[in-house]
Amino acid sequence: MNFNETKIRVRYGETDQMGVVYHANYAVYFEVGRTAWLREFGLSYRAMEAEGIMLPVISLSINYKNSARYDDELKVITKLKKMPTASIEFDYELRNNSGQLLATGNTVLAFIDMKRNRPTRCPKYLLDKLHNYSL
C-alpha cells in the first residue's frame, strides 16, 4: 500500500450560493484523508495524544484545478511523501467521481511532545508500523 483513498460526498453547507465548494473546505477534505490514512496503520490522533504526542499542521498548500460541487462524490488520495522524522508530510489529490482532478495539496505536521510543548522525533511505534510502507 502506498496511498489511501477516501470517499466524501459534498454537503450543501460546504458550498456557496452557486453550489461550488468553498475553498477552505478542501483543507478539511485533506484532513479526512489524512485521518483515514492513519487509521489504516491502527493509529489515531486520540491514541497519539493519549501517548503524549500531538500533530499540529505547520504547513498547508492547495492548488485548485477545477471546482467541486454540491452532491459530488469526491475521492481524496493521500500519500506519505517521505518517512517521518520530527515531522510527517503528506501529498493529496482530490478527484470527482469521473476522475477529474480538482485539487492537489500538501501538509506538513510536526510531532510535539505535549508535556514539554516542544518538537520531538516520530514515535518508534509509528516508524515500526511504516517499516514496509512503499513510498
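**Salt bridges**

Modeller: The structure holds eight salt bridges, each a side-chain nitrogen of Lys or Arg within 4 Å of a carboxyl oxygen of Asp or Glu. This is a predicted model, where local features need pLDDT of at least 70, side-chain atom pairs count only at pLDDT 80 or more, and totals for chains, interfaces and linings use all residues. Residues are numbered from 1 along each chain as its sequence is written, and side-chain values use heavy atoms, with hydrogens and water left out.

Biologist: Which residue meets Arg9 in a salt bridge?

Modeller: Asp71 does, at 3.9 Å, N to O. The pair links distant parts of the chain, 62 residues apart. Arg9 is in strand β1 (residues 4-9). Asp71 is in the loop between β3 (57-64) and β4 (73-80). Strands are DSSP runs of E, at least two residues; helices are runs of H or I, at least four; both are numbered from the N terminus.

Biologist: Is Arg11 buried or exposed?

Modeller: Arg11 is exposed, because its relative accessible area is 55%. Exposed means over 50%, buried under 20%, partly exposed in between (1.4 Å probe, protein chains only). Its salt-bridge partner is Glu14, at 2.7 Å, N to O. Glu14 has 7% relative accessibility, so Glu14 counts as buried.

Biologist: New topic. Where is Asn25?

Modeller: In helix α1 (residues 25-40). Asn25 is buried because its relative accessibility is 16%.

Biologist: What lies 3.0 Å from a polar atom of its side chain?

Modeller: The backbone oxygen of Glu14.

Definitions and conventions:
A polar contact is a pair of N or O atoms within 3.5 Å; within protein, one must be able to donate a hydrogen and the other to accept it, and residues adjacent in sequence count only if both atoms are side-chain atoms.
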